[in-house]
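Visitor: I'm new to this one. Could you show it to me and walk me through a few spots?

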Amino acid sequence: MRIDLHTHSSASDGTDTPGDLVREAASAGLDVVALTDHDAMSGWAEAREVADEVGITLVPGLEISTRHGHRGVHLLGYLPDPTDPALALELDRILEGRTARTPAIVAALRAHGVDITEDDVRRESGGSVAAGRPHVADALARLGVVRDRTEAFATLLSPGQPGYVNRYASALEDMIPLLVGAGGVAVLAHPWGRGSRSVLSAEALAGLKDLGLAGIEVDHQDHSAADRAELRGIAADLDLVVTGSSDHHGLGKVDHDLGVNTTDPEQYDRLLSLARNPLDG
Ligand SMILES: [Zn+2]
Ligand SMILES: [Zn+2]
């Protein structure tokens, strides 16, 4: 059984529609795929419909932008109740922050001498409710300012760079209980990727477990073999679920093909057993 628990569609910053993503997951030989768009659950309905059609199991989820010790940390939530009022309210705040941020980034880039407009960004984000930095990055690439998304993030859009603008993110310590309160299962995405190792030590992970954290994504392209081995040890010590995923973004991210990392079926069963809502509810 092949299980990939972290993918993005055009409901956030992936390039495939939710339906196409699920179709591709089935052709890639996956038995289970989780759709985990950034701060958005809007792709679930379409993904579910296609999953039924092609005979693959869809796990509805999302990847929430949180803050922990001055760093951005991504939290995966599986099977939360999408109608939970507290969760919906907090996601609205995150999305509002993101919406207000894009014009601010465009203004900052223009002040830096880059000839980019909000229309250029809108053209890249299409119907996404979560237009954000990846779409600015795509616009910069299309305008020839940079080669690709990676270069845009490496030179213009990250903290300390000319096009970086801070935005609202929930505190991780608040979001974990909120997600659990909505019946979901909380798993830290790529805990040691992108510099977040400094704020997510074994000790910090133990504290997050006390708040309701269920698992950590160990097998992710941002983690070296040594990171993975160490994280696996921490997960065993803390009795956390271990997941593995592609973090697929369609054409939006290289080296993240569907199924490039997978989750062990036993770990997947444990994760499902922790959700309040059944998989097909
Ligand atoms: Zn992430
Ligand atoms: Zn992701």
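**A loop residue and beyond**

Visitor: Is Asp239 buried, exposed or partly exposed?

Guide: Buried is under 20% relative accessible area, exposed is over 50%, and partly exposed is in between (1.4 Å probe, protein chains only). Asp239 has 49% relative accessibility, so Asp239 counts as partly exposed.

Visitor: What should I know about the model and its numbering?

Guide: This is a predicted model, where local features need pLDDT of at least 70 and side-chain atom pairs count only at pLDDT 80 or more, while totals for chains, interfaces and linings use all residues. Residues are numbered from 1 along each chain as its sequence is written, chains are lettered from A and ligands numbered from 1 in the order in which they are written, and side-chain values use heavy atoms, leaving out hydrogens and water.

Visitor: What is phi of Asp239 near?

Guide: Most residues other than glycine have a negative phi. Asp239 sits in the loop between helix 9 and strand 8 (241–244); helices (H or I, at least four residues) and strands (E, at least two) are DSSP runs, numbered from the N terminus. Its phi is positive, near 60 degrees.

Visitor: How do helix 8 and helix 9 pack: parallel, perpendicular or oblique?

Guide: Helix 8 (residues 202–211) and helix 9 have axes 11 Å apart, at an angle of about 40 degrees. Axes are lines fitted to C-alpha atoms, for helices over the stretch in contact, and angles run from 0 to 180 degrees between N-to-C directions. Under 35 degrees is roughly parallel, over 145 roughly antiparallel, 65 to 115 roughly perpendicular, and the rest oblique. That makes helix 8, relative to helix 9, oblique.

Visitor: Which residues of helix 9 meet helix 8?

Guide: Contact means heavy atoms within 4.5 Å. From helix 8 come Ala202, Leu205, Ala206 and Lys209. In helix 9 they meet Leu231, Ile234 and Leu238.

Visitor: Which side chain does the side chain of Arg228 make a polar contact with?

Guide: Arg228 is in helix 9 (residues 225–238) and counts as buried at 16% relative accessibility. A polar contact is a pair of N or O atoms within 3.5 Å; within protein, one must be able to donate a hydrogen and the other to accept it, and residues adjacent in sequence count only if both atoms are side-chain atoms. At 3.1 Å, the partner is Asn261.

Visitor: What is the relative accessible area of Val59?

Guide: Val59 lies in strand 3 (residues 57–68). Its contacts beyond four places in sequence include Leu5, Val32 and Tyr268. Val59 is buried, with a relative accessible area of 0%.
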